[in-house]
Amino acid sequence: MIILIGSLIFRWDRDSGYAPALYSLPYSKSKVFVAKFAAFLFLSFTLYLLPYLLAVFPSTADIPRAVFSILSSREALKVLILSAYAVLYTVSITAFIASVLPALFPAIIGAFLLVAISSNLFPRVLPPFSLITVPMASSLSPLEGRFSVPGLVVPLILFLLGLYAFERRDVV
């Protein structure tokens with residue numbers, strides 16, 4: 001779902017033909033890319049955490065202390081950090097691929113292929129699923145370099161590459 005929404009966010013304006021109107025506004029392409037990326041990241045993180053929050057709140061809504069203790073527990077914070085890593089990685093891949101490839105359909109297939117290859121062939125080594133499966137099965141901290149490099153550094157590099165590709169592409 002995240003890949004489909006991200007590909008639509010980054011490619012639909014160019015594929016549908018309203019990109020010249022969007023890019024004639026007094027904003028640079030990089031500002032448009034950053035705004036799209038921020039909105040996409042917020043939407044993706046909300047979609048990712050909504051089922052968890054819907055499971056916690058209705059079942060313990062009558063006891064406010066229970067909601068606070070569940071959401072502030074060590075396990076919940078660990079899940080939140082690891083989820084942020086996984087979502088950031090997936091969003092960065094989708095934004096980069098949608099900025100590089102020439103149309104919507106190849107962007108969807110390309111981003112899905114990269115995430116599917118990493119999750120099916122190497123689920124314990126490559127993100128985004130290694131960020132969730134490995135630390136949850138052990139007592140490792142999600143703030144270790146082993147998890148923060150693929151969770152923060154790789155998405156930052158993909159973001160910068162996507163920004164560069166988005167800036168260099170023609171509007172149509």
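User: Great, thanks. In which helix does Tyr164 lie?
Analyst: Tyr164 lies in helix H8, which covers residues 145–168. Helices here are DSSP runs (H or I, at least four residues) and strands are too (E, at least two), numbered from the N terminus. Residues are numbered from 1 along each chain as its sequence is written, and side-chain values use heavy atoms, with hydrogens and water left out. This is a predicted model: local features need pLDDT of at least 70, side-chain atom pairs count only at pLDDT 80 or more, and totals for chains, interfaces and linings use all residues.

User: Good to know. Is Tyr164 buried or exposed?
Analyst: Tyr164 is exposed, because its relative accessible area is 55%. The cut-offs are under 20% relative accessible area for buried, over 50% for exposed, and partly exposed in between (1.4 Å probe, protein chains only).

User: Let's zoom out. How many helices and strands are there?
Analyst: The protein has 8 helices and 0 strands. Along the sequence, that reads α-α-α-α-α-α-α-α.

User: What share of the residues is buried?
Analyst: Of the 172 residues, 38% count as buried. As for the surface, the protein exposes about 9700 Å², and carbon and sulfur atoms supply 75% of that. Those accessible areas come from the Shrake-Rupley method with a 1.4 Å probe; for residues, only the protein chains shown count as cover.

User: OK, new topic: H1. Where is Ser7, and is it buried or exposed?
Analyst: Ser7 lies in helix H1. It counts as buried, because its relative accessibility is 0%.

User: Which residues does Ser7 touch?
Analyst: Leaving out residues up to four places away in sequence, Ser7 touches Trp12, Thr94, Ala98, Leu104, Ala107 and Ile108.

User: How does H1 pack with H6?
Analyst: H1 and H6 (residues 104–120) pack at an angle of about 155°, with their axes 9 Å apart. Axes are lines fitted to C-alpha atoms, for helices over the stretch in contact, and angles run from 0 to 180 degrees between N-to-C directions. H1 and H6 are therefore roughly antiparallel. On the cut-offs, angles under 35 degrees count as roughly parallel, over 145 as roughly antiparallel, 65 to 115 as roughly perpendicular and the rest as oblique.

User: Which residues meet there?
Analyst: From H1 there are Ile3, Leu4, Ser7, Leu8, Arg11, Trp12 and Asp15, and they meet Leu104, Ala107, Ile108, Ala111, Phe112 and Val115 in H6. By class, that contact has 10 nonpolar, 1 polar and 2 charged residues. Ala, Val, Leu, Ile, Met, Phe, Trp, Tyr, Cys and Pro count as nonpolar, Asp, Glu, Lys and Arg as charged, and the others, Gly among them, as polar.

User: And H1 with H3?
Analyst: H1 and H3 (residues 29–60) pack at about 160°, with axes 10 Å apart, so they are roughly antiparallel to each other. Among the residues making the contact are Ile5 and Phe10 of H1 and Phe37 and Leu47 of H3. The residues of this contact divide into 9 nonpolar, 2 polar and 2 charged.

User: Last one: at what angle do H3 and H5 cross?
Analyst: They cross at roughly 140°, and the axes of H3 and H5 (residues 74–100) come within 9 Å. H3 and H5 are therefore oblique to each other. The contact includes Phe33, Phe40 and Tyr52 of H3, and Leu80, Val87 and Thr94 of H5. By class, it has 15 nonpolar, 5 polar and no charged residues.

Key: Contact = heavy atoms within 4.5 Å.
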